[in-house]
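Me: I would like to go through a structure step by step. Could we begin with its sheet?
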Amino acid sequence: MKSVDKPTAFEPYRAAPDTTVLPAYFPIPGFGILAINAFLVQGAEPVLVDTGLAPLSDDFMNQLAKVIDLEDLRWLWLTHADPDHIGSLQRILDAAPKLRVITTFLAAGKMSLFQPIPLDRAYFLNPGQKIDVGDRTLVALKPPTYDAPETTGFYDVKSGALFCADCFGALLSEPAFDAADIGSERLKEGLTTWTKVDSPWLHSVNRKLFAGSLDVLRELSPSVILSGHLPPAHGVTAELLDYLEAVPEEEPFVGPDQPALEAMLKQGKEK
């Protein structure tokens, strides 16, 4: 994969036999890069999961058109309403007239403030509920960590894939095809930093209850973990859960202050 110094889209590739990742990366000055993934579940009723970054919308639409005729899309699962997950939402709605948006009451309400979806094309699904999409059942769940209260991931019963929104995201030094290729120490460091940024409330949760939410995923034993902010993760579920469980004990993240910003700006001018 190529290096990243600006928002960059990459070619789609298979994350599982029936699931394609539509990858992009976004640079975070001073911290590395962050994956911005969407996914396509290519079943009897194809399901797109999230719609990428708005600045890369043209690239995203081209990516998607390489792997499916847009008129064949039947479902769009929006994990939550953050800008990096709904960047091509309106274009998808226009290009896929038969598509319905799987979301929540809260997410639809938030989007109505700036990018409303037609409610007759919405399908409200809460964590714990299921939906049949032809050849598979998708079970909605609340990921253990998240940065938006409407966040809803899902478990694909047929493939065993776990789609977990922002959970298990990691800041990386370079792009990768799979989380298993990153290296344990770098993966742990990147996941810990990202999780402290994305879910700062973890430092005040009941540790036993949080560990219990991770045990639910251990029992699922997913075939692959598909995060919006991590390359597809095969064979490292136990490690990822262990890294995540330790985050509440870490020191909270404190972002750069004004002197640090001025140093970044100065460094940028010197390049």
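Reply: Five strands form an open sheet of mixed pairing, in the order E11-E12-E13-E14-E16. Strands are DSSP runs of E with at least two residues, helices are runs of H or I with at least four, and both are numbered from the N terminus. Two strands pair if DSSP finds at least two bridges between them.

Me: Which strands are at the edges?
Reply: Strand E11 (130–132) and strand E16 (224–226) are the edge strands, each pairing on one side only.

Me: In what sense do E14 and E16 pair?
Reply: Strand E14 (residues 161–163) pairs with E16 in the parallel sense, over three bridges. Phe163 stands opposite Leu226 in E16.

Me: What kind of model is this?
Reply: The model is predicted: local features need pLDDT of at least 70, side-chain atom pairs count only at pLDDT 80 or more, and totals for chains, interfaces and linings use all residues. Residues are numbered from 1 along each chain as its sequence is written, and side-chain values use heavy atoms, leaving out hydrogens and water.

Me: New topic: is Gly128 buried or exposed?
Reply: Gly128 is exposed, because its relative accessible area is 58% (buried means under 20%, exposed over 50%, partly exposed in between, with a 1.4 Å probe and protein chains only). Gly128 lies in the loop between strand E10 (122–124) and E11.

Me: Which residues does Gly128 contact, beyond its neighbours within four places in sequence?
Reply: Leaving those neighbours aside, Gly128 is in contact (heavy atoms within 4.5 Å) with Ala140 and Leu141.
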